[in-house]
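Visitor: I am new to this structure. Please show me how to read a few of its features.

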Amino acid sequence: MRPIVNSEEMRYLDRQTIEHFGVPSLVLMERAALRVVESIPKKLTHKSRVLIVCGNGNNGADGLAVARLLYQRKCKVTVLQLSDDPGKSRRSKDNETQRGILLKYGVPIFKDWPDQNENQYQNQNQNEGYGCVIDALFGVGLSRNLQGDAKDWVQRMNALSGYKVAVDMPSGTSSDTGSVLGVSFLADMTVTFGFQKLGQALYPGRENCGKLVIADIGITNDSWLSRAPKSRMVEKRDLKGLAKRPARSNKGDFGKALVIAGSFGMAGAAVLCAGAAYRAGCGLVKVCTPKENRQIIQTALPEAILYVYDEDYLESKEEGIVSQLAWADCIALGPGLGTKETAYRIVRLVLEHASCPLVLDADALNILASDLSVLQGLKEKAVLTPHIGEMARLCGKRIPQILKDPVREAYEFAGRFGVTLVLKDAVTVTASENGALYLNGSGCAAMAKAGSGDALTGILTALIAQAARGNLKLPGKREDACGLDEIAAIGAYIHGLAGEDAAKRKGDCSILAGDIIESIGIALSNV
């Protein structure tokens, strides 16, 4: 899993590289400028004009260095820089240095947009247009809405037709949340330094960045020193060996999953969840569901064991349900369960008597939203898998509030209630009670279909059940060292890979949750 950093962490890493290891800031800056120039397709700079728009901090200094390197490669560069008027942003020391170097090469630096004073650009052949537009106004530290010239220039840059490149971070996009700070530069490519930023992984920042290039400029993992990154991104190599099983095995070696799901008219949720658990490697899957679903489940998934109850006479079955809880290595609770009184009683029964980890989804979450205090009294660990709407109900907030900073919402909820939270969205965020965060980069829009979440619940339940039996092989980890948070993050990644494969086979509009489940094996094997 590779680190994903916020703005504070990036400043720390930069500072430790300079102060602890003694790498001069201008050396890092020169490397950064070189990486930007090397990343731009040559056809966009050769024989075409390049506009470089710079701020007054070190991101602007990077841009000034980029302008110099392009000038030395015989490109026709036009350089704009924000004014250094009193009361406004003052230029950093490195910015002044880079500005001075560029001026000594005879490259003019303008403070007005080209069409505001055409005489300044009489030697710039203005009617030729720009083949490339480079944004170096602000870096990762921006936390306020753009105003004045900066806002105006970003809007003007967006209106130009040239290929757009952002230096480190598109100006106007938060590096911590991915949210737009008033207005954002819309890049075709972003060259970021050292590590990917949170705001580049989350929407809408992910879209604003265009193609993301993570450039090595000498800020490495060594600069963490004794500190550890807070957030990580799951990668394919984290799945290596996951599907390998000992030659001498039996079904009991790979865990027992109990899926408590379905209600009258919602048998499909139980089928999908249980089917995904089997496809993800679980040895035994038992479905606890109303008796009306018996024939549907036995027909759709004959491999599943069944335990049925009569919703009208649940009380006579409570002792039996409790005995099923003791059978399981992991319990999935909630898909298609409904929110009738019977469902409330089942949720309370499971939370009170479960003696293994729980995966709580769908209606179990909607029922929990009425009384979250029960989470703090759980005897076993729990993974909650809300989508944005369910998260809003759990937190008592509006959906836009959750979308504004999903990482913070997930982090605070997990810490408050001592659970692992898998917040499902275009970029799923997994947060643990100990403060660790994981982002998922797999998946696609084709997965936005009913039942997709049921499949994820089944995958997570299967992985946790296998871990309970010591048969979950994660690279570099002992079987007993796999935390629930890491398992959940891995599960979300497998789910996304399966969705990508299903989309290739069926098309972006046409996949069903069942197609995702069928692709789980491919996702596990192709790593």
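Guide: Start with a term. A helix here is a DSSP run of H or I with at least four residues, and helices are numbered from the N terminus. Keep in mind that this is a predicted model.

Visitor: What follows helix 13?

Guide: Gly 396 does, and its phi is positive, near 70 degrees. Helix 13 itself spans residues 388-395.

Visitor: Now the strands. Which way do the residues of strand 14 point?

Guide: In a regular strand, side chains alternate between the two faces of the sheet. In strand 14, residues 330-333, Cys 330 and Ala 332 point one way. Ile 331 and Leu 333 point the other way, and all four are buried.

Visitor: Which strands pair with strand 14?

Guide: Strand 11 (residues 256-260) runs parallel to strand 14, joined by four bridges. There, Val 259 has Ala 332 as its bridge partner. Strand 15 (residues 358-360) also pairs with strand 14 in the parallel sense, over three bridges. Leu 333 is partnered by Leu 360.

Visitor: What unit do strand 14 and strand 15 make with helix 11?

Guide: A β-α-β unit, and a right-handed one. Helix 11 covers residues 341-353.

Terms used. Residues numbered from 1 in each chain as written. Predicted model: local features only at pLDDT ≥ 70, side-chain atom pairs only at ≥ 80, totals over all residues. Heavy atoms only, no water. Buried < 20%, exposed > 50% of the residue type's maximum accessible area, 1.4 Å probe, protein only. Helix = DSSP H or I, 4+ residues; strand = E, 2+ residues; numbered from the N terminus. Pairing = 2+ DSSP bridges. Right-handed = clockwise from strand over helix to strand, strands pointing away.
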